[in-house]
Amino acid sequence: MSRLRAMSPRRSYDQYCSAARALDTVGDRWTLLIVRELLAGPRRYTDLHADLPGVSTDVLASRLKDMERDGLATRRRLPPPGAAYVYELTGRGGELLPVLQALGTWGEGELGERRPTDALRAHWFALPLLRGLEGEGLGGGGGVVEVRLAEGEFHLFVGAEGGPVYGYGPALVEPDTRLGLDTDTCTAIAQGELTVFDAVRAGRIDVSGDGAVAKALREA
């Protein structure tokens, strides 16, 4: 990908209000969804584009450039043999996690039935499931939780402070806990209709591993 064109001036609501100032920075279409993807750690432009169906290459490039300017993300080159450029969140960008989690909670009732036009990636359930686990008071136990769905795998860093909060595919280290569940169960948790503990009690989540999260769930 060629280096991006000169940035356009940032639009502003011109209101002396912290909410308005925040929306000046993250209120553009796609910005918060790019943050959602980068909460998994460094990502290449092509991977971001693949996991943000519907965004044009021009808009994605523009949003990433804006995020660099506003101190939310950085771009760096991986050392050989990778030698690719990746984008990652800054500390300031990572502080948007609770904002996304609050939006997710607020939007639980908006999910409804999946429409034929709705795209789906397994890792889009990472933040709702993390909310569910931490809502059960399991954030303090922490650990790496690997999640298996028919659509794919991802892993969560429960109780993590700084750095990625989830990752794509199987965990790169031996996970403390493994969870197996179907998309309907994940959807019910994301909609706020089912808690993680209730799903375990109902036999809708298979739990394995010796980590604190696994032990707490088996005792549910």
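Which side chain meets Asp-51 in a salt bridge? Select Arg-121: its side chain and that of Asp-51 come together at 3.0 Å, N to O (a salt bridge here is a side-chain nitrogen of Lys or Arg within 4 Å of a carboxyl oxygen of Asp or Glu). The pair ties together distant parts of the chain, 70 residues apart, with Asp-51 in the loop between helix H3 (45-50) and H4, and Arg-121 in the loop between helix H6 (97-106) and helix H7 (126-135).

Before moving on, some ground rules. This is a predicted model, where local features need pLDDT of at least 70 and side-chain atom pairs count only at pLDDT 80 or more, while totals for chains, interfaces and linings use all residues. Residues are numbered from 1 along each chain as its sequence is written, and side-chain values use heavy atoms, leaving out hydrogens and water. Helices (H or I, at least four residues) and strands (E, at least two) are DSSP runs, numbered from the N terminus.

Now show the surface. Asp-51 is buried, at 11% relative accessible area, and Arg-121 is partly exposed at 24% (buried is under 20%, exposed over 50%, partly exposed in between, with a 1.4 Å probe and protein chains only).

Next, pick Asp-28 and Arg-11, another salt bridge at 3.0 Å, N to O. Asp-28 sits in the loop between helix H1 (18-26) and helix H2 (31-38), and Arg-11 in the segment before H1, 17 residues away. Asp-28 is partly exposed at 26%, whereas Arg-11 is exposed at 65%. The structure holds 15 salt bridges.

Time for the sheet. Colour the strands and you'll find 5 of them in an open sheet, ordered E5-E4-E3-E6-E7, with mixed pairing (two strands pair if DSSP finds at least two bridges between them). E5 (166-168) and E7 (205-208) are at the edges with a single partner each, so one side of each has no neighbour in the sheet.

Zoom in on E6 (177-181) and E7, which pair antiparallel over 4 bridges; Leu-181 has Ile-205 in E7 as its bridge partner.

Last stop: select helix H8 (183-190), which lies across E3, E6 and E7 and runs at about 105 degrees to E6. For that angle, axes are lines fitted to C-alpha atoms, for helices over the stretch in contact (heavy atoms within 4.5 Å), and angles run from 0 to 180 degrees between N-to-C directions.
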